[in-house]
Amino acid sequence: MKQYNIALLRGDGIGPEIVDSAVRVLKAVGEKYSLAFTFTPYLIGGAAIDACGEPLPKTTVEGCLAADSVLLGAVGGPKWDNLAGNLRPEKALLGIREAMGLFTNLRPAKLYPALKDECPLRADIVENGFDIMIVRELTGGIYFGERGYREGKYGQEAFDTEAYSRMEIERIARVAFETARKRRKKLVSIDKANVLETSRLWRKTVHELAAEYPDVELSDMLVDNAAMQLVRNPSQFDVIVTSNMFGDILSDEASQITGSIGMLPSASLSGGSRGLYEPIHGSAPDIAGQNKANPIATVLSAAMMLLYAFNESTAANAIVAAVDKVLNEGYRTADLARGGASALTTVEMTDKIIERL
Ligand code: IPM
Ligand code: MG
C-alpha cells in the first residue's frame, strides 16, 4: 500500500470546512485504490495569529517542507484586517509559497457543460465551451518586491515595486511551454509591455525561449486586452502565462465565467517534488462555519495533488469524474444554485461526490 504524508493547512473562514471535505474524499478514494494517507494539521493565517501571535509559525513551515504534499484551505478575515502588512494572514500565504519555492501556480478554468447556465456570459459566446490553463508566476514580481513608505512629491507616499529577473521569467515560461505541449499547443503570454520595463524583459525572454518550442504557437497579449478577451471570447485561450499580480487578477475573472469561484482548484509547484494545493478562492468569512461553502475547488485541488504530486492518475480521474457526475445530475451548492433552486450544504455535496467515486 502506498503511503503519503499530507500537511493540512486549514486556515480561516471556510478553510476548515472545505479542507475537511477534501480529506474525506481523499480517504474514500484511498480505500478504493489502496492509497494510505496520513494527515497532519498545522496552523496558518489568522488561526495561527490567534494561537501563537504570528501568521506562519516555524513549525508550520518545517511541517510543510517535511510532508509529501500540502493541502491548504484559505486564510484571512475581517478580524485580522487591521494588522500591519507583515503580520496579516495573507503574509503567511506568501511566506509558505516562498519557503517552499513554489514559483509555478497552475489554475485551470474550464466550463462544465452542466454549468453552462450558471456562466454569466451569453450562450453564443460559450457555445464551444472553454478550457484554459493559467500559469501564474507565484514567487516574484510586485508581491515580493521592495515596498514601504517614503517622502514623495505630495508628502508621504507608499510604494511597491515590480521586479523580474530573466531567470524567473524563463523558468515559469518553460513550465508554460511544456504545459502547452501537452495540451492544444497554444500559448498566450500576457504582459503590459507598452508601459512596464519588467513586461518588456518578460516578452523578450519568453520569445527567446520559444525557439526551443517550435511546435507551440506563441502570441503576446496586453493585460487590459486579455481581461476583455476573457469575457469576449474565452475559447480562444489554451495556456496563458503571466506575472504574479496579473495572474491573480485574471484567474478570478476566469473563475467567474466558469459559473462560480467555488469551482477553481490550483496547484503550486516548485519544479522539484514540493507542491501545495489550494482552491483559488478566499476564506469567505461571510459564510464561514455555516456549512454552505462549495467544497468542489478544494476537492479538485486534492485531485490535482494526486496527479501532480503522487502520479496517481487513476485516483485523480476518479475524483474529477465524480464531480462531473454530481454536477450533471443537477446537484448545486448555494453559490451555483440559481432562482431558488434547492442548494446542498458543504457536507451534503461532499457525500454526493464520495457516493459517486
Ligand atoms: C490568491 C489570493 C492570494 C494572492 C492572496 C490571499 C494573498 O488572492 O491565491 O489568488 O493574491 O495570491
Ligand atoms: Mg487571488
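**Ligand site**

Mentor: An N or O atom in the side chain of R107 is 2.9 Å from an oxygen atom of ligand 1, a polar contact (a pair of N or O atoms within 3.5 Å). This is a predicted model, where local features need pLDDT of at least 70, side-chain atom pairs count only at pLDDT 80 or more, and totals for chains, interfaces and linings use all residues. Residues are numbered from 1 along each chain as written, ligands from 1 in the order written, and side-chain values use heavy atoms, without hydrogens and water.

Trainee: How far is the polar side-chain atom of D248 from an oxygen atom of ligand 1?
Mentor: For D248 the distance is 2.9 Å. R136 also has a polar side-chain atom 2.9 Å from a ligand 1 oxygen.

Trainee: Which residues are around ligand 1?
Mentor: E90, L93, R97, R107, R136, Y143 and D248, each with a heavy atom within 4 Å.

Trainee: Where does ligand 1 lie relative to the domains?
Mentor: Between domain 1 (1–103 + 264–357) and domain 2 (120–257), because both give residues to the shell; the bounds come from an automatic or database domain assignment.

Technical notes: A polar contact is a pair of N or O atoms within 3.5 Å; within protein, one must be able to donate a hydrogen and the other to accept it, and residues adjacent in sequence count only if both atoms are side-chain atoms.
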